[in-house]
Amino acid sequence: MVNLTNKPDEDIFFSPVENGQVPDPSNWAVADVVNYFRATGFEEQATAFQDQEIDGKSLLLMTRNDVLTGLSIKLGPALKIYEYHVKPLQTQHLKSNAS
């Protein structure tokens, strides 16, 4: 659920889980990807997705190597981002499209 307002003093809210399920990022814009990683505790690393213009479709195509080396972020957070976020998002997307 993305709530983007035109009011600069309001926080942008992004729920990383929708109805108890991982959301499907296939239609996310770059800002949605950035907001997802901010909401999941990767505030500093989220800017790397912005800098590289990673939208939802690009996120679903990323390999482990892309996350570890292509985003220029520290190894520890990069491993967590891939294993706990990118990979599950990719898996959920494949499962939802297989049905």
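Most residues other than glycine have a negative phi. Glutamate 53 sits in the loop between α2 and α3, and it is exposed, with a relative accessible area of 61%. (Exposed means over 50% relative accessible area, buried under 20%, and partly exposed in between, using a 1.4 Å probe and protein chains only.)

Keep in mind that this is a predicted model, where local features need pLDDT of at least 70, side-chain atom pairs count only at pLDDT 80 or more, and totals for chains, interfaces and linings use all residues. Residues are numbered from 1 along each chain as its sequence is written, and side-chain values use heavy atoms, with hydrogens and water left out.

You'll find serine 72 in the loop between α4 (64-70) and α5. At 69% relative accessibility, serine 72 counts as exposed.

Serine 26 belongs to the loop between β2 (13-14) and α1. With 16% relative accessibility, serine 26 counts as buried. Leaving aside residues up to four places away in sequence, serine 26 touches Gly56, Lys57, Leu60 and His93; a contact here means heavy atoms within 4.5 Å.

## The whole chain

Step back, and the chain shows five helices and two strands. Starting at the N terminus, the order of elements is β-β-α-α-α-α-α. (These are DSSP runs numbered from the N terminus: helices are H or I with at least four residues, strands E with at least two.)

Of the chain's 99 residues, 35% count as buried. Take the contacts between residues at least 6 apart in sequence: 46% of them join residues at least 24 apart. The accessible surface of the chain is about 6,300 Å², and 49% of that belongs to carbon and sulfur atoms; the areas come from the Shrake-Rupley method with a 1.4 Å probe, and for residues only the protein chains shown count as cover.

(The arc is that of the directions from the helix axis to the C-beta atoms.) An α-helix has 3.6 residues a turn, so residues three or four places apart point the same way.

A search of the whole structure turns up three aromatic pairs. Rings of Phe, Tyr and Trp (its six-membered ring) pair if their centres lie within 6.5 Å; planes under 30 degrees apart count as stacked, over 60 as edge-to-face and the rest as tilted. Tyrosine 36 and phenylalanine 37 make an edge-to-face pair, at 5.0 Å centre to centre and 90° between the planes. Both of these residues are buried.

Phenylalanine 37 also pairs with phenylalanine 49: the ring centres are 4.4 Å apart and the planes at 10°, so this pair is stacked. Phenylalanine 37 lies in α1 (residues 30-39) and phenylalanine 49 in α2 (residues 43-51), so the pair ties together parts twelve residues apart in sequence. Phenylalanine 49 is buried, like phenylalanine 37. Ring pairs link Trp28, Tyr36, Phe37 and Phe49 into a cluster.
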